[in-house]
Amino acid sequence: MIPNLFSKARIPDEIPLQMQAAIKKLRKSKNKEECLRCAYEILAKKYRGKRWNTYTRFFKLFDTNLERIWKKGGFLHCTTLNYLMRILLVKSGFFKDEDLKLRWSMVWYISLHQYLKVKINSKRLINVDLWGKSYGVKFGDYSHGFH
């Protein structure tokens with residue numbers, strides 16, 4: 001089930017076959033950070049955020065079919081991108097769901113936006129904002145304000 005706007009959805013037991021191939025690749029990572037960067041690249045090549053689509057494709061927030069979501073490419077809402085990222089990271093075996101925190105910011109000071117804060121170790125957290133990548137937000141940063 002795709003998360004609603006304010007909570008985490010459960011990581012599913014059954015994963016689409018094509019998504020399992022990506023998870024298999026992640027399991028070959030040397031460490032947590034390499035796994036995170038690899039998952040980021042897998043998703044960034046396949047999906048992107050777009051301002052206009054965020055509003056015009058509002059109904060896609062409610063699509064809960066993981067196989068259908070994984071098969072398509074292009075636009076996804078930030079919440080759906082974070083859900084896919086959580087699945088990849090937890091199923092990789094490198095992360096527990098407790099290592100992945102949903103965070104909120106305001107984009108353009110009017111639009112609520114979700115990103116992930118990923119725990120690498122007790123001293124290091126990395127922000128992940130796949131939706132923002134289309135707008136130049138780098139790995140380790142997140143969309144906020146006019147940034």
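1. How many helices and strands does the protein chain have? In this predicted model, the protein chain holds 6 helices and 5 strands, and when these are read along the sequence they follow the pattern α-α-β-α-α-β-α-β-β-β-α.

2. On the chain as a whole, buried residues account for 48% of the 147 residues, while the accessible surface of the protein chain amounts to about 8,200 Å², with 54% of that area belonging to carbon and sulfur atoms. Among the contacts with a separation of 6 or more, 61% come from residues 24 or more positions apart.

3. Helix α5 covers residues 78-92, and its 15 residues, taken at 1.5 Å a residue, should span 21 Å; the C-alpha atoms at its ends lie 21 Å apart, which agrees with that expectation. The helix is mostly covered, since 13 of the 15 residues of α5 are buried, and just after α5 the residue G93 takes a positive phi of about 90°.

4. One partner to examine is helix α1, residues 17-26, whose axis comes within 9 Å of the axis of α5 and crosses it at roughly 50°. The crossing in which α1 passes α5 is right-handed.

5. As for the residues involved, M19, A22, I23 and L26 in α1 meet L84, I87, L88, K91 and S92 in α5.

Note on methods: Residues numbered from 1 in each chain as written. Predicted model: local features only at pLDDT ≥ 70, side-chain atom pairs only at ≥ 80, totals over all residues. Heavy atoms only, no water. Helix = DSSP H or I, 4+ residues; strand = E, 2+ residues; numbered from the N terminus. Expected span 1.5 Å × (residues − 1). Buried < 20%, exposed > 50% of the residue type's maximum accessible area, 1.4 Å probe, protein only. Contact = heavy atoms within 4.5 Å. Areas by Shrake-Rupley, 256 points an atom, 1.4 Å probe, with all protein chains shown as cover. Axes fitted to C-alpha atoms, helices over the stretch in contact; angles between N-to-C directions. Left-handed = near helix turned anticlockwise from the far one by under 90°.
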